[in-house]
Every structure is written in C-alpha cells, then in structure tokens.
Amino acid sequence: MTSKKNDNTENVCAENVEVSLAAELSRLNGSVQLGRGDELSISGEWLQTLVDQVSDHIFVKDRSHRFVMANQPVADELGFSDPAELIGKTDLELHPEDVGRKFRAAESEIMTSGNPRIDFEEYSVLANGKRKWLSSSKFPVLNHDREVVGLVGISRDITERKKAELLQKGQNKVLQEIATGKSLYEVLETLVLTIESQLDGVKGSVMLVDETGTCLRAGAAPNLSSEFVELSDGIPIGPKVGSCGTAVYRRENVFVDDIQASELWEDFSETVSPFGIRSCWSVPFFGKDDKVLGTFGLYTDKVRSPSEHERKLAVEAARLASIAVERDRAESRIRYLANHDVLTGLPNRQEFNSKLENVVETSRRTGEPVALVFVDLDNFKFVNDSFGHAIGDQVLTMISERLVLTESGRSHAIRFGGDEFVLIVEGSDAQAVELKDLIVRLRDEITKTIRIGELSFHVTCSIGAARFPEDAVDADQLLKNADKAMFEAKSSGRDGYKIYEHVRPDRSVNKLTLLEEMRSGIDAGEFFLEYQPQYHLMSGRIVGAEALVRWTHPVLGRMMPGQFIRLAEESGLIVPLGRWVLNEACRQNKIWQDTGLPPITVGVNVSARQFRDAQLIRNVRGALEETGLPAKFLELEVTESLLMQNADLAVRLMTGFRRIGVKLAIDDFGTGYSSLAALKNFPLTRLKIDQSFIRDLDFGDSDQAIARAIISLGRELGLNVVAEGVETAKQQAFLASCQCETVQGYHFGRPMKADRFGKLLAMTLTPLAAHFG
C-alpha cells in the first residue's frame, strides 16, 4: 500500500510540474518575447539549457505552427541532432501528412479558442515509420494585448503503456472470439493484428498444417501482400523450406535474419525478393497430442534478428493460435460425430433427416422425382455370432464402400443404424425403370464375395424402395413406405427387393370431429398425466420426473400423445392443453412435497406453438403462484430444433424464465442442427440426449462415441446431462462409465400415474443399486 501511495504522489507531483512549467513558459518576459507584429521568439541560453535536461518533450510554436523553440528530446525523437534545426519547421514537414494535419488541427483549435488542453493523448508516426503515443498538455501564448500568438506544449512518451494496453485488449478479444465461436480465420486475423500493433515495421502470419501433414496452408496474414500469401499457400514441410516449412519439420523455432543469405530460403529467395521481405522468424505451435498444428511467423523488410521482446510476442502468439486451432478442430470433430457414423464414415440418421427433408422440398418445387432405397443386411447377427464383432465391423465397412461405388452424382449413401443403410436417389435415376436397374446393381454389388484374411463368405440383403411424389406426400411417409417395402422383401424370403405399391389407406378418424372432442375433453377432465422417474445415476435416488399427457377418449379409449398432439399443435389447441398440463404438473408436485416426500423437479414439454405464445411466461408464473410450487422445482423442456428456429426469441424467452427461477432443458439433443456457439448462448440448466443415440449403445460404436461426446460437451457447458430411453443394464453401465449424471427410461421405470409415482418416491431413500444392481 505504501509503494502504491508513493507512486500516486509522484504522478501528481509530475503533473503539477508539467502544468506549472508550461504556465511559467507562457508568462516568461525575458525569454519569450514578441518581435515585430505578432512574431514570437525565444531568448536566453539558460532557458534552452534548462529544458534540454527535461526528459519530456517541450516546445513552443508560433501562430503559423512553426517551431520557435524545442528541447533536445524533441529533436532526438524527430531525428535531428540539434534542436535549432527544428526552428521554422512545421509538423507537415516532419511527419506523414495525415499525422501532421491531426497535430495542426488540434493546435489550431487551442489557438483559436484561447483555451488550453491538458493531459490528452496524441498518436504519432515518425518519418522512420515508428509509432508513438504521447500524453500532451498544450497552452496558448498571449501577447500584451491578450492576443494568442502561439502555444507552448509538453508531451510525455506513453508508447510502452499504450502497447501494453493494446496487447491486453487484443489477447482478451482473441479469447472472447474463441469462446463465442467466431470462425478460425477471424480469430487468427485478430491475433495477427494484435501482435502487429506491438511492433514497428513487422508483419505477421499464421500458417496451418493441412490434413495430410505434408504441407502448410495460409491461415491469416491481413497485411502481407495477397500475392505473397497465395504463393506461400500449400508450401511443403521439409528441412529447407523457408522459415515456416522448416520450423514445422524441425519442431522448433526458426529465426532467419537474412533471407537472401540463408540456405533455408535458397529455393525461394528469388520468389520472395520482389515483396521486399528480408527476414522471417517462425514459431511452430502444437496440439495437446504434441502434433504440430501450424506456425506463427513475423516478417520484416530489414536484415536483422528479433529482439527479446519480439521473440516473446511470437511465442505468446503461437500459444494463442494453438488454443484457437484446437478449439476449432474439436468443434468440427463433434459436429462430424453428430452427423456421421464413426465406423463407416457415412452420414448417419441425423444427417439423413436433414438431407431427406431438403431433397423432398426441392422435388416439390422442381417436380424432379426422388426415391428412397432402404437396405437391410439379411441375418447379419450370424456374422457377428460366427466371426465376432470385429469381423462384423469390417463387413459393415466393406458394405458401405460398395454402396458408395453404386452412388451416382445424384444419390447419397447413409448408414441408418445397425445393419441398415439408405440411399437417397434424385433425378432420372429415381424414375421407375432406372430405379429398378439401380437396385439390381446395388444388390449385385453387396452380395459379392467378402474376403477377410482367410475367411470367404457372402451376405445377402433385402431392399425396399419408395418414390416421391408417387408413393408419399412428405419425407416421413416416404421413409415409412420404403421401410414397409423392405420388410415385404424380407418377408418374401430375403435376398430380394420390393418397390412400394400404393394402396388405399384405411379410413381414419375425422380430424374435425377429433378436434372438437379434444376441445370438450379438456373441459371435461378427460386428460391426465403420467410421470416417468429420472434417477441420479451415482446415488440411485429419484431427482425428477417428466410429465407426459394422456387422453381417456370416451369412445376410442386411452390415447397416447402421438395420436392427438400433432392435431393440437396444428389447430392451436396445444396452448390451452399445454396450460392445463403445466398447472396440473405444478399442482401434483406441490402435493407430493406437502405430504413430506423428497422435493424433486418435474419437467413439462413446451411445443413450438406454445413457445410462440406471448402469454407463456405469464402462464408459467400464474401456475407457480396458484399452486405455491417454488419455481426451482419446475423444468420446461424445449427441443433443439425449436430453439434453432428463432434463436434470438428463444434466448429472450429463456432469460425471462431463468429470472423467475424456472429450470430449462434442451430435449432430444443431437437430432437438431444447432452450432456449439449458439448452444452456449441459451441459459440452459439441463441437456437431454435423444434416445435414438441410447438405443444402440449396446453394440453401436458410433452411438457410443456420440453419446460420450455429448456428455462431455454438457459437462464443459456446466449442464446436467440426462440420458433418455435407457432400457438395458449394459446401457446403464456405459453411461456410468461416461459419468452421465441422470438417466430416464424403461430400465428404471415406465411412465406411471401420480399415486403410484408417489409411492415410488417414498422409497427414494433406497438406492437404485438395490433395484438394478
């Protein structure tokens, strides 16, 4: 504390000295004199000797902005040995034109207004290109008639302080851009500009090792010649490939002081000569796996070695570049895992859903036909049972390669799951005759002999196909009908194919009638809730429940959500139905708490139509106030795809819910198309893994990899992760190994009525292991 106080005192004293000296200079009679008219001149050698001893810049200018006095530091700064050489010169003669004009404009304002400016910052570029920041105070000089005839100024060099501030701001901006998901190019460009702001006459670049690990690609070089960047893009990595290629090859810093004289540059010196680059200092940066990711390079137009400060900046820049590149690659990897099958490399079901929807919509606009071909390997379980899963995986990989061989420019192969594959076919190949030819070629390719080591065997397949618009009205129906055709081919003895034949559907329940019955059913109390328990996987205790709506129809009997929710959503009845579900779930949870049962969170699903309802926040607040349930025991579940429809609206609404204290969960995560940067913006508390990823955990390496990645992502974002659809002990064990916190599914408990759930909750002191150990 003492040291800090002394520093402040010294600063205050120094400032007082500056002000006093400047004021004194402006009042001097013996040394500051008026010549003829309004000309200003200086006399007195003692004054010059005095000001030359001061480290700050001190100067006097006349009304025409010409120097009439300057001390030695000013002369040194401007490249003169004697201050007298400055007399009569203006800033326009001593600085680049834009800098000189800024000085002139600021000083003109002072002399015109007669008001001083104290302790303001000025930016200067010297004739040698050096950048300077000054803290200046400037005062008008008055004659005996109180007319302004010039000014006196004092400036202190604050360049190092400003550079330190700019470096800190630049580093913070780089890290912020990494955290908010800016593109890798934007982050690296910010990094290069930050380092360049610290150095005079130095330009920077980042180069990245390509996927093959054999050459370098241009990353960011905002101030290097675009022609030079283009020439260096793709340079090989080797022992004599300039500074950057050699730095990656050696895995160490390579500082070349003179490019024209260096053997490392002898194959490129003539190429770079026109660009005026004379020295290049390169620092490689590495990933956590110790692989070289790229280099950070600095270039100058002078033959010289880097200073210690420049070396430290290059090393720090390389460190930040490695963070940016690793984050970008990790995010790309997670996106890839979410949309591709790890074993075969083919797009997976998530990618398929998006692709099929897009293709069908395009067909609807253009009239071009689309076909969906469903391929199921016959008796593939025999392969796994006979030869083991390792051989089975190799077979699946070979089948995927054969599928790709049959792809045309307008078809796309996808691994649908397990031993099922799908081919989306567009254009002429989707016509009836051409589609049959394609299926025959596909079947012939798949059933070719498989040879793995000493093993030699065949696999057969059942193929089903359906076409749009002939066999379906939308993407969902197209998939269902292709699946039906495949099962028909399998039922016919396998090793064959079937193209869907359209038949007249059975008469369905009248939608309008069902809608009116639903409307009256809400008022008549025909709807009820069931609750599916959610367990904390480590402790085995119930920590929550998902509320699921059911309808006891007076004629049709018990109806599940799939039979009426879509109609409710389309008609808008989902809003009053959702309001009832919300109130009932809160009421029931409060009853459990009032009877002394352990407090838990109850989750309520919010549909897209409800989410757009302007009264949703008011309805939630009303349900909590009416039932007396504390907000922290209510969780609203929204789907990933719903959030991405209007991310800005979602953030606003969810922020409102979090202010109330309500918890928020993203449901069916992994089935939508959200970016990690967007996901981070949502004020979520929980992330629910879609059950499609859990279903095949027992035998699907791809689903295991995706589930593991999502759980890890949830932990990184500070979210509680819930695995839905857990149905086996093996799935439970895998999720436990991944440190998944919460589980839900038939393995732990089916949805049940409130009274039965209350009895189960009363047993919550008994750990889960006692039931499922």
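A helix axis is a line fitted to C-alpha atoms over the stretch in contact, and the angle between two axes is taken between their N-to-C directions, from 0 to 180 degrees. Two packed helices are described by the angle between their axes and the distance between the axes. The structure shown here is a predicted model.

Begin with helix H19, residues 574-594, and helix H21, residues 616-627: the two pack with axes 9 Å apart and at an angle of about 30°. Angles under 35 degrees count as roughly parallel, so H19 is roughly parallel to H21. The crossing of H19 past H21 is right-handed. On the H19 side, the contact is made by Arg579, Leu582, Asn583, Cys586, Arg587 and Lys590. H21 contributes Asn619, Val620, Ala623, Leu624, Glu626 and Thr627.

Now turn to another pair of helices. Helix H14 covers residues 389-406 and helix H15 covers residues 432-446; their axes come within 9 Å and cross at roughly 150°. Angles over 145 degrees count as roughly antiparallel, and H14 and H15 are therefore roughly antiparallel to each other. H14 passes H15 in a right-handed crossing. Here Ile399, Arg402, Leu403, Leu405 and Thr406 of H14 meet Leu438, Arg441, Leu442, Glu445 and Ile446 of H15.

Glu420 is buried but has no salt bridge. Its nearest side chain of opposite charge belongs to Arg349, 5.2 Å away, while a salt bridge needs a side-chain nitrogen of Lys or Arg within 4 Å of a carboxyl oxygen. Leaving aside residues up to four places away in sequence, Glu420 touches Phe374, Val375, Asp376, Arg415 and Met486.

How values were computed: Residues are numbered from 1 along each chain as its sequence is written. This is a predicted model: local features need pLDDT of at least 70, side-chain atom pairs count only at pLDDT 80 or more; totals for chains, interfaces and linings use all residues. Side-chain values use heavy atoms; hydrogens and water are left out. Buried means under 20% relative accessible area, exposed over 50%, partly exposed in between (1.4 Å probe, protein chains only). Lys and Arg count as positive and Asp and Glu as negative; His and the chain ends are not counted. Contact means heavy atoms within 4.5 Å. Helices (H or I, at least four residues) and strands (E, at least two) are DSSP runs, numbered from the N terminus. Angles under 35 degrees count as roughly parallel, over 145 as roughly antiparallel, 65 to 115 as roughly perpendicular and the rest as oblique. A crossing is left-handed if the near helix is turned anticlockwise from the far one by less than a right angle, and right-handed if clockwise.
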